[in-house]
Amino acid sequence: GEDDDAIRRLVNEKLPDLPQIAPLGMFPNYNNAAIVLLGRLLEVVEGTTYREVIQHLQLDPLGMKTSTYDVAEVERGHFSLGYHSGPDGAELQTPLYLPRSIEPAGLLWSNTREQLLWARLHLADGVAPDGTRLLPAYTAQLMRRAHTPFVGTSSVQMGLTWFVQEVGEIRFAQHIGDTFGQHTTFVMAPDKGFGLVLLTNAEPGGASAAGEVLAAAARSYLGLGDDAAHVGIGRGIGF
């Protein structure tokens, strides 16, 4: 459903029936259900909906005025349709929207300018562009510290919830995201004051394009030579 109770119902009625793949803490795994559970905890603690919590704690303080979880709000403005690779080439993605119940896992509609406001927050260790401190510096640094390696990979480790990577002595914090016909790449090199946001409206072609753009940016702005080809989550762990 799309009502204010959607996340609560998913957590209370659906998650208890899902299988436990492995004991907690055994190994890192990309787990949207866990992030939804975290979003539900925010709802309980703050006594309101997840989207209202994020609006109050993140979007408003950062001046992210057009970023929204509200589909009706999206459709009142300019937005990109999604495309996927079909048997006859690129085809319009239907459906376009994911259900509200998994909102914490990544349903925010945004643009590059406003995502860069989010990047600036983390490049400044928790200080918003207007000088307001939204996160303690220790928390921001802890989020992008390597906590757990991925077995069998060369460079990517797991932070909270950044993927962290060292390439050519440069430390990166990054995340990618995919929804129906959409792909985003978000990469920072905090020690270099570098941030890159790339939004594409095609899958899987968007991810391939993002890898090439990221490598070109690493060469041009960070001075990486051949190592630039290794920057990025997809290059490091194969998805």
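1. In the largest nonpolar core, which has 16 residues, those that touch the most other members are Ile-170, Phe-172, Ala-189, Phe-194, Leu-222, Leu-224 and Val-231. A nonpolar core here is a set of buried Ala, Val, Leu, Ile, Met, Phe, Trp, Tyr and Cys residues joined through side-chain atoms within 4.5 Å. At least two residues of this core are supplied by each of strand E6 (170–179), strand E7 (182–189), strand E8 (194–200) and H7. H7 provides the largest share, five residues. Apart from this core lies another, of 14 residues, including Leu-10, Leu-59, Tyr-69 and Leu-121.

2. The model is predicted: local features need pLDDT of at least 70 and side-chain atom pairs count only at pLDDT 80 or more, whereas totals for chains, interfaces and linings use all residues. Residues are numbered from 1 along each chain as its sequence is written, and side-chain values use heavy atoms, with hydrogens and water left out.

3. Val-231 is found in the loop between helix H7 (205–222) and helix H8 (233–237). Helices (H or I, at least four residues) and strands (E, at least two) are DSSP runs, numbered from the N terminus. Is Val-231 buried or exposed? Val-231 is buried, because its relative accessible area is 1%; buried means under 20%, exposed over 50%, and partly exposed in between (1.4 Å probe, protein chains only).

4. Neighbours within four places in sequence aside, Val-231 is in contact (heavy atoms within 4.5 Å) with Gln-165, Val-167, Phe-172, Leu-214, Ala-218 and Leu-224. Between Val-231 and His-122 there are 109 residues of separation in sequence and 19 Å in space, C-alpha to C-alpha.

5. Three strands form an open sheet in the order E2-E1-E9, with mixed pairing. Strand E2 (89–92) and strand E9 (202–203) are the edge strands, each pairing on one side only. Strands pair if DSSP finds at least two bridges between them; E1 and E9 do so in the parallel sense over two bridges. Tyr-83 stands opposite Ala-202 in E9.

6. On the surface, Phe-79, Leu-81, Tyr-83 and Leu-92 form a nonpolar patch with about 320 Å² of accessible area together. Accessible areas come from the Shrake-Rupley method with a 1.4 Å probe, and for residues only the protein chains shown count as cover.

7. Phe-79, a member of this patch, lies in the loop between helix H4 (71–76) and strand E1 (83–86). Phe-79 is partly exposed, with a relative accessible area of 31%.

Conventions. Patch = residues over 30% accessible without salt bridge, like charges linked within 9 Å, V, L, I, M, F, W, Y side chains within 5 Å. Salt bridge = Lys/Arg side-chain N within 4 Å of Asp/Glu carboxyl O.
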